[in-house]
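Biologist: I am new to this structure and would like to learn how to read it. Could you walk me through it, one feature at a time?

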Amino acid sequence: MGAAGRRGLTLRGGGVQLEIVANLFVMMFAGLAIVAVVMTGLSLRALRDDALERLRMGARHLERSLDGGARRLGDLAATVRASGPRLSGGEFRVLDEQGREPGFAVAGARADERLELLLELAREDGEAVELGRSLGGDLTLVRRLRSPSGETGFLVGRASGDEIWRRLAPVIGSAVWVL
């Protein structure tokens, strides 16, 4: 095919050049979509790691009150209730060895099954973590405690999945805006 034949081909059907530009646009859009998904996934991981680290720091902060003033688990439970999530990095509560809150336990009240499993893991390893079941799931940290008076129990901290989602929403919004 000569130069005149190619020229007629590119001018009549919209052209090979237009098809090349359209394919490049589609590939660029697909590349941006992949970058947006990876960016969102890495941000979610970083937010979960950050929330877990804030729970661990809050737990260490609350455990230090056993050294300074609280002598029993009931005293620590009162300190935990007085410390809000902003100070301790999450919602915390103290449980005794049977899985009940000291001083406020209803007779026969027990922790739920998932928490029972975490308590058992914390008995063995000193700490147990549940990362939540889905994107909006709560993070749960359970640490084994021993008070100066000899009582043993657990410090249970939760970071709300809604809070993690609230912090992830701007990243998702940015990814959508880019696309």
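Biologist: How many helices and strands does the secondary structure of the protein come to?

Modeller: Before counting, note that this is a predicted model, where local features need pLDDT of at least 70, side-chain atom pairs count only at pLDDT 80 or more, and totals for chains, interfaces and linings use all residues. Residues are numbered from 1 along each chain as its sequence is written, and side-chain values use heavy atoms, with hydrogens and water left out. Helices (H or I, at least four residues) and strands (E, at least two) are DSSP runs, numbered from the N terminus. Here there are 6 helices and 4 strands, and along the sequence they follow the pattern α-α-α-α-β-α-β-β-β-α.

Biologist: Which strands pair with strand 3, and in what sense?

Modeller: Two strands pair if DSSP finds at least two bridges between them. Strand 3 (residues 139–146) pairs with strand 2 (residues 127–130) in the antiparallel sense over 4 bridges, and Val129 has Leu141 as its bridge partner there. Strand 3 also runs antiparallel to strand 4 (residues 152–159), joined by 8 bridges; in that pairing, Arg146 stands opposite Thr152. The hairpin of strand 3 and strand 4 has 5 residues between the strands, and Gly150 takes a positive phi near 100° in this hairpin.

Biologist: Where do the buried residues of helix 3 lie around its axis?

Modeller: In helix 3 (residues 73–82), the buried residues are Leu73, Leu76, Ala77 and Val80. They fall within an arc of 105°, taken from the directions from the helix axis to the C-beta atoms, so they line one face of the helix. Their cover, judged by contact (heavy atoms within 4.5 Å), includes helix 2 (16–68), strand 1 (91–96), strand 3 and strand 4.

Biologist: Which residues touch the most other members of the largest nonpolar core?

Modeller: A nonpolar core is a set of buried Ala, Val, Leu, Ile, Met, Phe, Trp, Tyr and Cys residues joined through side-chain atoms within 4.5 Å. The largest one has 20 residues, and Val80, Phe92, Val94, Leu145 and Leu155 touch the most other members. Helix 2 gives the most to this core, with 7 residues. Leaving aside neighbours within four places in sequence, Leu155 is in contact with residues including Ala59, Leu62, Val80 and Phe92. A second, separate core of 9 residues includes Leu115, Leu118, Leu119 and Ala122.

Biologist: What volume does the largest pocket have, and which residues line it?

Modeller: Rolling a probe the size of a water molecule over the atoms shows where empty space is left. On a 1 Å grid over the protein atoms alone, a pocket is an open set of points where a 1.4 Å probe fits, with protein on both sides within 12 Å along at least five of seven lines; lining residues have an atom within 4 Å of a point. The largest pocket has a volume of about 190 Å³, and its lining includes Ala51, Arg54, Pro85, Arg158 and Glu163.

Notes:
Buried means under 20% relative accessible area, exposed over 50%, partly exposed in between (1.4 Å probe, protein chains only). Grid points are joined across faces, edges and corners, and a volume is the space filled by probe spheres set on the points.
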